[in-house]
Amino acid sequence: MTRDFSANLGDGTYRNPVLDADWSDPDVLRVGDDFYLTASSFGRAPGLPLLHSRDLVNWTLVGHALERLEPAEEFARPRHDRGVWAPSLRRHDERFWIFWGDPDHGVFQVNAPEIRGPWTRPHLVKKGKGLIDACPLWDEESGEAYLVHAWAKSRSGVKNRLTGHRMRPDGTGLLDEGKVIVDADRIPGWFTLEGPKLYRHDGWFWIFAPAGGVETGWQGVFRSRGFFGPYEERIVLEQGDTQVNGPHQGAWVRTASGEDWFLHFQSRGPYGRVVHLQPMRWADGGGTDADAAAEAGWPVLGDAGTPVAVHRKPDLPRQPPHAPATDDDFPGGRFGRQWQWTANPQDGWATQHSADGLRLTCVRTADAHDLRLLPNVLTQRLPGIAATVEVELALTGEEPGARAGLAVLGDAYGWIGLERGSDGAVRLVHRFAEPVAERERDAAHPRPAPRGRARLRIDIGAGARCRFSCDLGDGPLPSGPVFAATPWRWVGALLGLFALAPDGTGHAGAATFTHFRVTATP
């Protein structure tokens with residue numbers, strides 16, 4: 001992205017969110033002077049994004065830890081509500097480790113000597129249904145290793161509790177059957193406890209865990225002298241009178257100089273779960289009243305427990321404004337790290353060549369009527385602010401029905417692009433599908449595109465309201481009514497590029513995309 005997307009205000013302060021796109025369920029780790037972040041990726045591939053920062057405000061996407069999801073055959077088609085849920089990133093024994101829960105299969109881990117890899121293939125640590133949001137801890141004081149995870153009621157019939165295990169020090173398996181260490185059904189007013197992050201600090205075991213639901217919840221913290229409890233709890237971050245709904249689920253990180261910070265998400269509908277940075281300190285129990293004494297030793301997040309909108313940056317070396325990349329010229333046909341397929345990819349979907357531009361094969365499919373069913377859509381996150389998205393498209397597929405375009409994908413979707421008709425002519429088409437629709441339909445009347453080329457554009461305004469337009473060589477023209485982007489069940493809306501053709505045999509041709517740009521607008 002350009003400088004306009006950075007959270008760095010240039011005067012020693014930053015604004016929230018620091019990552020204004022769907023970097024869901026973040027976890028953060030410091031190694032030396034470097035900070036690393038990973039996030040949920042659900043059913044997209046590659047998964048487990050890896051971001052790097054030197055100041056917790058300006059972030060760069062440096063890779064992914066999961067090339068393909070497993071079991072591979074299950075993720076051969078889109079699974080937007082499955083796959084990688086709420087990963088945890090840790091450093092142990094000179095290796096990076098990521099643990100996560102797949103609600104349909106169990107707890108997995110991958111590890112690598114360096115953040116850029118090579119990462120191991122996923123290893124199943126605990127098999128089972130409904131096991132989510134796993135987090136390990138290697139306790140340097142005792143030499144023991146532990147694992148905590150939450151539960152998805154949709155798969156297990158159980159929720160609102162955390163289960164703990166002793167774990168093999170090499171992270172390959174568990175040493176016991178597990179024990180419920182926090183049962184939030186026993187805490188008045190608490191529901192949907194999930195997303196635990198496990199730490200050791202000041203002689204206590206600490207579990208940072210959200211509750212109350214994605215849209216409206218709060219951040220809880222639990223502590224105990226022993227891993228298996230009993231735990232006491234506090235609410236340490238909630239919306240209060242701010243505009244930040246459900247500020248919760250994230251990670252505590254300490255800088256080399258001893259400053260404490262907390263990163264968490266806020267669910268923003270079609271934009272997904274954007275990431276905020278909160279200052280954090282430990283209450284010292286100062287004062288004479290009983291309430292102050294009771295809070296001694298507990299973390300205080302944000303502005304006395306509510307989110308900050310603007311704040312002093314961490315006391316770290318000054319960094320240039322930066323945000324994860326979105327633009328792409330596709331050099332040699334290669335796409336940037338910001339792109340993910342909607343399922344495990346197959347060879348031949350994108351082909352490399354000597355020039356610039358993304359060359360997508362018009363993949364034959366029986367599901368050409370519904371982009372939500374296609375694994376071969378190349379996607380990136382919808383920006384969380386007003387922006388313009390543009391790309392140039394050339395369609396060379398000769399097969400009648402071959403088409404390609406630029407899409408906004410969610411439970412509902414819209415796209416604009418080019419299609420080869422039964423008469424051999426290429427036309428500009430603009431189509432959409434409602435959430436309950438089984439087939440897409442026209443959002444505007446087709447227009448002739450005799451050159452087989454078009455510059456496609458989407459203007460994203462407030463509330464993720466999208467206006468489509470195109471330029472066929474004689475100036476920009478608006479197309480169809482406004483389209484309101486919608487999220488998937490757990491995933492924000494996505495920008496997508498695709499090429500397809502009706503089911504059949506033989507090569508159906510290709511489409512080439514060039515000069516993909518996302519530009520912030522006032």
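The charged end of Arg273 sits over the ring of Phe265, 4.9 Å from its centre, where a charge counts as over a ring if NZ of Lys or CZ of Arg is within 6 Å of the ring centre and within 35 degrees of the ring normal. Arg225 likewise lies over the face of Trp204, at 3.7 Å from the ring centre.

Trp204 also belongs to a cluster linked by ring pairs, together with Tyr199, Trp206, Phe208, Trp252, Phe262, Trp282 and Trp298. Rings of Phe, Tyr and Trp (its six-membered ring) pair if their centres lie within 6.5 Å, and planes under 30 degrees apart count as stacked, over 60 as edge-to-face and the rest as tilted.

The whole structure holds 29 aromatic pairs. One of them joins Tyr199 and Trp252 edge-to-face, at 5.2 Å centre to centre and with 65° between the planes. Tyr199 is in strand β14 (residues 197-201) and Trp252 in strand β18 (residues 248-254), so that distant parts of the chain, 53 residues apart, are linked; strands (E, at least two residues) are DSSP runs, numbered from the N terminus. Trp252 also pairs with Phe208, and this pair is stacked because the ring centres are 6.0 Å apart and the planes at 15°. Phe208 lies in strand β15 (residues 204-211), so its pair with Trp252 ties together parts that are 44 residues apart in sequence.

Phe208 has a relative accessible area of 0% and Trp252 one of 9%, so both count as buried (under 20% relative accessible area, 1.4 Å probe, protein chains only).

Residues are numbered from 1 along each chain as its sequence is written, and side-chain values use heavy atoms, leaving out hydrogens and water. In this predicted model, local features need pLDDT of at least 70 and side-chain atom pairs count only at pLDDT 80 or more, whereas totals for chains, interfaces and linings use all residues.

Key:
Helix = DSSP H or I, 4+ residues; strand = E, 2+ residues; numbered from the N terminus. Buried < 20%, exposed > 50% of the residue type's maximum accessible area, 1.4 Å probe, protein only.
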